[in-house]
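Please look over the chain below as a whole before turning to its parts. The report then moves from overall figures to one pair of packed helices.

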Amino acid sequence: MARLRGRLPRLRVAIRALLFWSLVYGYCGLCASIHLLRLLWSIGKAPTRTFRRVAREHPPACLSDPSLGTHCYVRIKDSGLRFHYVAAGERGKPLMLLLHGFPEFWYSWRHQLREFKSEYRIVALDLRGYGETDAPSHRDNYKLDCLVTDIKDILDSLGYSKCVLVGHDWGGMIAWLIAICYPEVVMKLVVINFPHPSVFTEYILRHPVQLFKSSYYYFFQIPWFPEFMLSINDFKALKHLFTSHSTGIGRKGCRLTTEDLEAYIYVFSQPGALSGPINHYRNIFSCLPLKHHMVTTPTLLLWGEKDAFMEVEMAEVTKIYVKNYFRLTILSEASHWLQQEQPDIVNKLIWTFLKEETRKKD
């Protein structure tokens with residue numbers, strides 16, 4: 001009997017793991033089936049248009065706009081990877097490091113590059129696998145610990161020991177992890193539309209609505225098919241994310257110009273350009289939940305209330321994991337693409353947070 005009681009905890013863990021992975025792979029299959037039906041419908045309706053792709057040999061002029069900063073590269077010694085970033089502001093000023101989400105790249109921070117260069121050395125990075133940054137081919141090269149180490153190594157390569165860290169969406173996930181694993185390097189943390197990772201993993205298993213909104217996490221577990229689906233109809237799905245009524249920038253927001261949208265399509269239409277970004281998601285279920293949780297850095301969380309991908313309730317729950325000053329601002333009628341949609345408001349809120357004295361919670 002005593003031996004049986006000793007085995008019960010391990011049995012419970014095994015059963016929970018079995019149920020978890022059954023959910024993951026079952027939902028993967030469901031998502032794949034839905035997208036396959038969409039593909040067949042598109043082929044049946046307009047086969048020529050389905051496989052049409054416009055050749056894009058030259059980048060749009062907005063990507064070389066000098067007002068946004070200087071294009072730079074740094075090679076990390078340990079990984080050997082070369083990272084691309086755009087930097088503005090004088091060297092020697094405090095560093096503000098910007099981490100983009102999916103499907104974005106450094107350009108999603110164009111409004112912030114112009115705004116904060118007066119007082120910061122501001123760096124908008126292309127994450128591993130994105131844009132002009134090197135993209136390892138194997139999915140294991142995109143585990144969360146690799147992505148976290150990238151940011152720590154880049155700080156060292158730039159000659160900084162601390163920074164103001166700002167992350168949106170998947171970049172927000174990485175920003176949270178940096179603050180948890182390397183709190184000494186983050187002076188202040190700003191996260192846009194991504195909850196604390198522990199909140200996300202707990203919430204998604206208990207709320208079917210968030211499970212549905214995060215269906216792309218499961219779809220991305222499948223090899224090559226997600227890349228193909230995002231590229232058909234000349235990358236219609238990517239355009240849809242930014243422009244549709246359901247997921248795009250809201251009516252009251254600063255909409256993407258034709259050139260802005262073309263910049264995104266240009267970057268992700270390059271050969272193999274979608275695999276690196278999607279590989280970020282192909283490791284997430286083996287990396288979460290976290291072993292360490294608490295954030296001890298002063299934190300600002302900004303949230304668009306109409307986010308099509310994240311339930312707003314997760315923003316409120318996040319505060320229990322921040323053992324320091326925490327401020328949450330939810331913008332009504334704002335979408336997931338907050339720093340692009342409401343740049344003036346977002347910049348003002350960040351300025352206020354940066355300039356105010358923050359004190360630890362009791």
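A residue is called buried when its relative accessible area is under 20%. By that cut-off, buried residues make up 54% of the 362 residues in this chain, which is a predicted model.

The secondary structure of the chain amounts to 15 helices and eight strands. Its radius of gyration is 21 Å, close to the 21 Å that the globule rule gives for 362 residues, so the chain is as compact as a globular protein of that length. Further values for the whole chain are set out in the table.

| Property of the chain | Value |
|---|---|
| Box filled by the C-alpha atoms, along the principal axes | roughly 70 × 65 × 45 Å |
| Accessible surface | about 17200 Å² |
| Part of the accessible surface belonging to carbon and sulfur atoms | 57% |
| Contacts joining residues at least 24 apart, among those between residues at least 6 apart in sequence | 77% |

Two packed helices are described by the angle between their axes and the distance between the axes. Helix α4, covering residues 144-158, packs against helix α5, covering residues 170-181, at an angle of about 75 degrees and with the axes 10 Å apart. Because angles of 65 to 115 degrees count as roughly perpendicular, α4 and α5 are roughly perpendicular to each other. On the α4 side, the contact is made by Leu144, Leu147, Val148, Ile151 and Lys152, while α5 contributes Trp170, Met173, Ile174, Leu177 and Ile178. Sorted by class, this contact of α4 with α5 holds nine nonpolar residues, no polar residues and one charged residue.

Key: Residues are numbered from 1 along each chain as its sequence is written. This is a predicted model: local features need pLDDT of at least 70, side-chain atom pairs count only at pLDDT 80 or more; totals for chains, interfaces and linings use all residues. Side-chain values use heavy atoms; hydrogens and water are left out. Axes are lines fitted to C-alpha atoms, for helices over the stretch in contact, and angles run from 0 to 180 degrees between N-to-C directions. Helices (H or I, at least four residues) and strands (E, at least two) are DSSP runs, numbered from the N terminus. Angles under 35 degrees count as roughly parallel, over 145 as roughly antiparallel, 65 to 115 as roughly perpendicular and the rest as oblique. Contact means heavy atoms within 4.5 Å. Ala, Val, Leu, Ile, Met, Phe, Trp, Tyr, Cys and Pro count as nonpolar, Asp, Glu, Lys and Arg as charged, and the others, Gly among them, as polar. The radius of gyration is taken over C-alpha atoms; the globule rule is 2.2 Å times the number of residues to the power 0.38. Buried means under 20% relative accessible area, exposed over 50%, partly exposed in between (1.4 Å probe, protein chains only). Accessible areas come from the Shrake-Rupley method with a 1.4 Å probe; for residues, only the protein chains shown count as cover.
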